[in-house]
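This is a short walk through one structure, part by part. Please keep the sequence and the model open while reading.

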Amino acid sequence: MKIKDAYVIVTSPGRNFVTLKIVTDEGVHGIGDATLNGREMAVVAYLEEHVIPALVGRDPQRIEDTWQYLYRGAYWRRGPVTMSAIAAVDMALWDIKGKLAGLPLYQLLGGKSRERVMTYSHATGSDIAACLDEVARHVEQGYRAVRVQSGIPGIQSTYGVAKRPGERYEPADAKLPAEHDWNTARYLNHAPKLFAAVRERFGDDLHVLHDVHHRLTPIEAARLGKEAEPYKLFWLEDCVPAENQQSFKLIRQHTTTPLAVGEVFNSIHDCRELIENQWIDYIRASLTHAGGITAMRRIADLAGLYHVRTGFHGPTDLSPVCLGAAVHFDTWVPNFGIQEHMPHETRTDEVFPHDYRFEDGHFIVGETPGHGVDIDEKAAARFPYQPASLPVNRLEDGTLWHW
Ligand SMILES: O=C(O)C(=O)C[C@H](O)[C@H](O)CO
Ligand SMILES: [Mg+2]
């Protein structure tokens, strides 16, 4: 059997998605997600110019060999563009393997470790009261775990807060990056009040998560982790930028608040020190940005040795293809923690028909052979690419900060 054809589909049903479709000479096809928010077309070019020509004619069943070929064979290893492209190929090939075997992906990985996959969603509000109402709405929908983000007095546009009440949070919009403002002191004074209010209204049973989105220094993160301890967070996410993995050593020395990191990681080398030193509790890399199922399996196995659990990134800027594959992975992986769930728009779900379903705060995996997600190319063609960028952040004096 050979790969006969492969092509990229870019579609924007509400936001941009990049999908790779691989077709075999026996007519079986598989798809993979290659969406890199704000840098979509770089991955398209990487796939079209450098990957697809090398795929045609290869045996689609040799997933590991193809992964090594694309990783080692590029000479230029790692990086989000390269690894998203490799991930898309990898996901599509696992999809094909499942279809050929007549088995859903989770069976290929080793079968079910659980019946359902706990998810968390996002409660956002312009202030604490509005955020609490959103938490209540999510609890009514069955969520056992909710991420809380609220506007901060004195800061105009805060990460994770929807622009208008009732709208979804969507950071990428303008063609060029929007400019946001940031003030660490105001944030640090505000965040513990939000956690306290959530616990007071919802009690101890709800899992409460919070995303700092890389904005603190290690000692500031240590202070926040310490002050959050009475409110027993499920996790504190991305409390510092993680290029310097040693930062987490300092944070860890000061707090027992569980730490999660990794949504911008693209290889096992980005998290090896964090895992081996047990400086984190949850690894949040995604199948799309960290090299696919083949690579993520190695990360999860390493993490399992050190009691680190998975908490896959699952924002709307990863397509239903990534989410579908993640639900299979989550159903199998022994050291599962939680799965992020930011529901896609209806038009996105229409472009990507899938068999995973949300029920009572959990995802339930489907039984369709492969990863269970397809693309309706006719529907996709109705939504042309819309250039969009993620924002940037500046301190009050104009200094560019982490967004
Ligand atoms: O979902 C999260 O935890 C995020 O931090 C979302 C990111 O801002 C988003 O995926 C950037 O593309
Ligand atoms: Mg995040």
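The text below takes the domains, then the interface between them, then the ligand site.

The model is predicted. The domain assignment divides the chain into domain 1, residues 3-104, and domain 2, residues 108-370. Between the C-alpha centres of domain 1 and domain 2 the distance is 26 Å. Where the two meet, domain 1 contributes 36 residues to the contact and domain 2 contributes 37 residues.

The interface can be described first by area. About 2900 Å² is buried between domain 1 and domain 2, and 61% of this area comes from carbon and sulfur atoms.

Polar interactions across the interface come next. Between domain 1 and domain 2 there are 16 residue pairs in polar contact, counting pairs in which both residues have pLDDT 80 or more. The interface of the two domains also holds 3 salt bridges. Glu-64 and Arg-298 form a salt bridge, with 3.3 Å between the closest N and O atoms.

Which elements of domain 1 supply at least two residues each to the side that touches domain 2? They are the strands β2 (17-24) and β3 (29-33) and the helices α2 (63-72) and α3 (80-101). The most comes from α3, which gives 13 residues to the side of domain 1 that touches domain 2. By residue class, the side of domain 1 that touches domain 2 consists of 17 nonpolar, 11 polar and 8 charged residues.

The remaining topic is the ligand. Around ligand 1 there are 15 residues, and those that come nearest are Tyr-159, His-213, Glu-237, Glu-263 and Glu-340.

Which distances separate oxygen atoms of ligand 1 from polar side-chain atoms of Asp-211, His-313 and Asp-317? For Asp-211, a polar side-chain atom is 3.0 Å from an oxygen atom of the ligand. In the case of His-313, an N or O atom of the side chain lies 3.2 Å from an oxygen atom of ligand 1. Asp-317 places a polar side-chain atom 2.9 Å from an oxygen atom of ligand 1.

Definitions and conventions: Residues are numbered from 1 along each chain as its sequence is written. Chains are lettered from A and ligands numbered from 1 in the order in which they are written. This is a predicted model: local features need pLDDT of at least 70, side-chain atom pairs count only at pLDDT 80 or more; totals for chains, interfaces and linings use all residues. Side-chain values use heavy atoms; hydrogens and water are left out. Domain bounds come from an automatic or database domain assignment. Contact means heavy atoms within 4.5 Å. Buried area is the accessible area (1.4 Å probe) that two parts lose on being put together, summed over both. A salt bridge is a side-chain nitrogen of Lys or Arg within 4 Å of a carboxyl oxygen of Asp or Glu. A polar contact is a pair of N or O atoms within 3.5 Å; within protein, one must be able to donate a hydrogen and the other to accept it, and residues adjacent in sequence count only if both atoms are side-chain atoms. Helices (H or I, at least four residues) and strands (E, at least two) are DSSP runs, numbered from the N terminus. Ala, Val, Leu, Ile, Met, Phe, Trp, Tyr, Cys and Pro count as nonpolar, Asp, Glu, Lys and Arg as charged, and the others, Gly among them, as polar. A residue is near a molecule or strand if one of its heavy atoms lies within 4 Å of it.
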